[in-house]
Amino acid sequence: MKLHGDLPDKIPLFPLPGALLLPRARLPLQIFEPRYLAMLEDTLKTRHRLIGMIQPRPGPDGQPLLAAIGCAGRVTGFSETDDGRYMITLTGVSRFRLKREISGFSPYLSAEVGWDGFSRDRGPAERDAGFDRDDFLALLRRFFEAEQLSTDWDSLKDAEDELLINSLSMLCPFEPEDKQALLEAPSLATRRETLVTLMEYALRGGGEEMMQ
């Protein structure tokens with residue numbers, strides 16, 4: 001799947017706190033609210049089949065605001081349950097910048113978006129030349145033990161750099177603002193560095209001031 005210069009300037013938005021989608025990664029979602037069922041139905045009629053995942057955040061007057069950057073995913077799989085819900089899979093295509101929310105007759109949000117600055121999202125998988133896998137996995141094991149999480153450690157040892165770092169960024173139980181920082185990391189190396197910082201901070205109990 002390579003859309004490159006064929007990305008639309010308007011996409012539907014799915015604001016979901018704490019949900020992170022990254023380029024070339026897959027995000028399973030359960031769709032059951034009527035507005036998002038309508039969004040899915042409309043999306044499947046388009047050629048690109050893109051949905052923009054984006055973080056909502058509290059605004060100054062209590063009304064939710066949307067983050068400046070999200071990630072668009074293509075619907076690459078879906079199935080319907082007996083009670084009318086849909087289980088879908090989004091495959092990350094590219095990050096985007098929110099330009100303007102669009103109000104209209106649809107029950108869900110849409111927006112004008114820009115794709116400039118994210119060309120590497122639509123290229124080959126990234127590598128992390130400075131990645132020390134042994135040290136990283138040792139830290140990850142401590143973090144998982146502290147959070148009482150389990151995983152298949154053998155598969156982590158063999159996973160490609162991008163798949164490992166991005167999958168952990170999406171799955172680890174961080175706060176929405178931390179997920180946003182992982183999304184906005186300009187490269188795989190900086191995402192890995194952010195991920196390490198977040199795990200180390202969690203292991204310190206989150207009570208100490210971050211290093212300046």
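**Overall fold and strand pairing of the protein chain**

The protein chain has a radius of gyration of 18 Å, which agrees with the value near 17 Å that a compact globule of 212 residues would have. The radius is taken over C-alpha atoms, and the globule rule is 2.2 Å times the number of residues to the power 0.38. The model is predicted: local features need pLDDT of at least 70, side-chain atom pairs count only at pLDDT 80 or more, and totals for chains, interfaces and linings use all residues. Residues are numbered from 1 along each chain as its sequence is written, and side-chain values use heavy atoms, with hydrogens and water left out.

Along its principal axes, the C-alpha trace spans about 50 × 40 × 40 Å. The accessible surface comes to about 12000 Å², by the Shrake-Rupley method with a 1.4 Å probe; for residues, only the protein chains shown count as cover. Carbon and sulfur atoms contribute 50% of this surface. Buried residues make up 43% of the 212 residues. Buried means under 20% relative accessible area, exposed over 50%, and partly exposed in between (1.4 Å probe, protein chains only). Among contacts with a separation of 6 or more, 67% link residues 24 or more positions apart. A contact means heavy atoms within 4.5 Å.

The chain carries 26 positive and 34 negative charges, and their mean positions are 6 Å apart. Lys and Arg count as positive and Asp and Glu as negative, while His and the chain ends are not counted. Each charge is placed at NZ of Lys, CZ of Arg, CG of Asp or CD of Glu.

There are 6 helices and 8 strands. These are DSSP runs numbered from the N terminus: helices are H or I with at least four residues, strands E with at least two. From the N terminus on, the order is β-β-α-β-β-β-β-β-β-α-α-α-α-α.

Strand pairing links several of these elements. Two strands pair if DSSP finds at least two bridges between them. Strand β1 (residues 10-15) is largely enclosed by the rest of the structure, because 5 of its 6 residues are buried. β1 runs antiparallel to β8, with 3 bridges. Here Ile 11 has Ala 111 as its bridge partner. β1 also pairs with β3, in the parallel sense and over 3 bridges. In that pair, Leu 13 stands opposite Gly 52.

Strand β3 (residues 50-54) is joined in turn to β6 (residues 69-80) by 4 bridges, and the two run antiparallel. Ile 51 faces Gly 73 of β6. Gly 73 also stands opposite Gly 92 in β7. Strands β6 and β7 (residues 86-102) are antiparallel and share 11 bridges. They form a hairpin with 5 residues between them. In the turn, Gly 84 has a positive phi of about 90°.

Ser 110 lies in strand β8 (residues 110-114). Ser 110 is buried, with a relative accessible area of 9%. Beyond its neighbours within four places in sequence, Ser 110 contacts Lys 10, Ile 11, Pro 12, Leu 13, Arg 100, Glu 101 and Ile 102.

Helix α4 (residues 161-171) is largely enclosed by the rest of the structure, because 8 of its 11 residues are buried. The buried residues are Asp 161, Glu 162, Leu 164, Ile 165, Asn 166, Leu 168, Ser 169 and Met 170. Their cover includes strand β2 (26-31) and the helices α2 (133-147), α3 (153-158), α5 (176-184) and α6 (188-203).
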